Structures are given as C-alpha cells and as structure tokens.
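Please open the model in your viewer and keep the selection tool at hand. The tour below goes from stop to stop, saying what to select and what is found there.

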Amino acid sequence: MWAELGFNGLSASSDSLPQIQQLSPTALAYLGDAVYELYIRTCYLLPPKRSQSYHHQVVSQVRAETQADHLRSLEPHLTTKELDIVRRGRNAASGCPKRLDPKIYQQATSFEALVGYLYLTDTQRLTELLALLQLDSNPATASIKT
C-alpha cells in the first residue's frame, strides 16, 4: 500500500539541499527511524487487527537486527552517494545498547540514516528501495526479498 501511495515528505528544493547535506548522520538516523516506523505501521495496518497484533508485527520489523538485515539486502542496489550516507551513518553510531552486537547497531543506524536522507532528498527513490523489502506477516519469520 505504501509503495502505491508514495511519500509526500519534504522533498528537497535546490535551496534546501545544501542544508540537508550538512545534517549529521545522527540527525538523519533520528528522522529515518520515525519515517521507517511509520512505513512499517502503514504496511501492517490492513487488514484490521487487534492493537497487540499491530505492536508485535511492527516491533519485529523495527528492531535493529531486522534493520541490519534490510540494509544488507539493499546494499547491492545502492548508488555511490547512498553508500556514502550508509558509511557516514555507520561511523556515527555510538552508545550501543548492551543487548546488541555493535556491528548490528551500526548497520541499523546506517539504514535509518539512509531512510532519513532519502526522505528529505528523493522520496521516489526511498519508495523504490523500501518496495524491495519483503515484509512478512508473521513477526517471527520476517524475511527479505533477494
């Protein structure tokens, strides 16, 4: 459903692009986290379910481990600029939660930074990349299209 609707985010105009380029990877990841969670919530909204079912499905997709898997599946499809954003996001990741492997946390932060960057600069490209992710209806077996 999301891919058909597309994003109506803050598309970058030529005046705002230099300001967007100056945003820190942490700021991009902060935005990307919210955009990605909204995307996931939208994907699982239909058919209607109980609130607890929504929560379990969404949590399974927004966890760092799943985001890291998503990033790895998308890497072959990324442009040089997008890979640079991913690298910057990875290098900016700090303060890893104790339950996580730091590499997983870095990859998840990279994924969120990419989502945030594309949300601000190229929503059509973001929609294309998110459409490559296969989101499973069973939260225990989330998978990715290869």
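Begin by selecting Arg-72 and Asp-69, which are three residues apart in helix α5 (residues 64-74) and therefore separated by about one helical turn; helices here are DSSP runs of H or I of at least four residues, strands are runs of E of at least two, and both are numbered from the N terminus. An α-helix has 3.6 residues a turn, so residues three or four places apart point the same way. The two side chains meet in a salt bridge with an N to O distance of 2.2 Å, a salt bridge being a side-chain nitrogen of Lys or Arg within 4 Å of a carboxyl oxygen of Asp or Glu. Arg-72 is partly exposed at a relative accessible area of 38%, and Asp-69 is likewise partly exposed at 34%; buried means under 20% relative accessible area, exposed means over 50%, and partly exposed lies in between, with a 1.4 Å probe and protein chains only.

This is a predicted model, in which local features need pLDDT of at least 70 and side-chain atom pairs count only at pLDDT 80 or more, while totals for chains, interfaces and linings use all residues. Residues are numbered from 1 along each chain as its sequence is written, and side-chain values use heavy atoms, with hydrogens and water left out.

Keep α5 selected and display the whole helix. How many of the 11 residues of α5 are buried? Eight of them are, so the helix is largely enclosed by the rest of the structure. The buried residues are Ala-64, Thr-66, Gln-67, Ala-68, His-70, Leu-71, Ser-73 and Leu-74, and they pack against α3, α4 (51-62), α6, α7 (102-121) and α8.

Next, select Phe-111. Leaving aside residues up to four places away in sequence, Phe-111 touches Tyr-36, Gln-67, His-70, Leu-71, Leu-74, Leu-130 and Leu-133, where contact means heavy atoms within 4.5 Å. Phe-111 is also among the residues with the most contacts inside the largest nonpolar core, together with Tyr-36, Ile-40, Leu-126 and Leu-130, and that core has 27 residues. A nonpolar core is a set of buried Ala, Val, Leu, Ile, Met, Phe, Trp, Tyr and Cys residues joined through side-chain atoms within 4.5 Å. The elements giving two or more residues to this core are α3, α4, α5, α6, α7 and α8, and α7 gives the most, with eight residues. A second, separate core of five residues can be selected through Ala-64, Leu-100, Ile-104 and Ala-108, which are among its members.

Then return to charged pairs, of which the count comes to seven salt bridges. Select Arg-125 and Glu-82, whose side chains meet in a salt bridge at 2.8 Å, N to O. This pair links distant parts of the chain, with Arg-125 in helix α8 (residues 123-131) and Glu-82 in helix α6 (residues 80-92), 43 residues apart. Are Arg-125 and Glu-82 buried or exposed? Both are buried.

Staying in α6, select Arg-87 and Asp-84, which lie three residues apart, about one turn of the helix. Their salt bridge has its closest N and O atoms 2.5 Å apart; Arg-87 is partly exposed at 36%, and Asp-84 is partly exposed at 27%. Elsewhere, salt bridges that share partners join Arg-63, Glu-65 and Arg-99 into one network.
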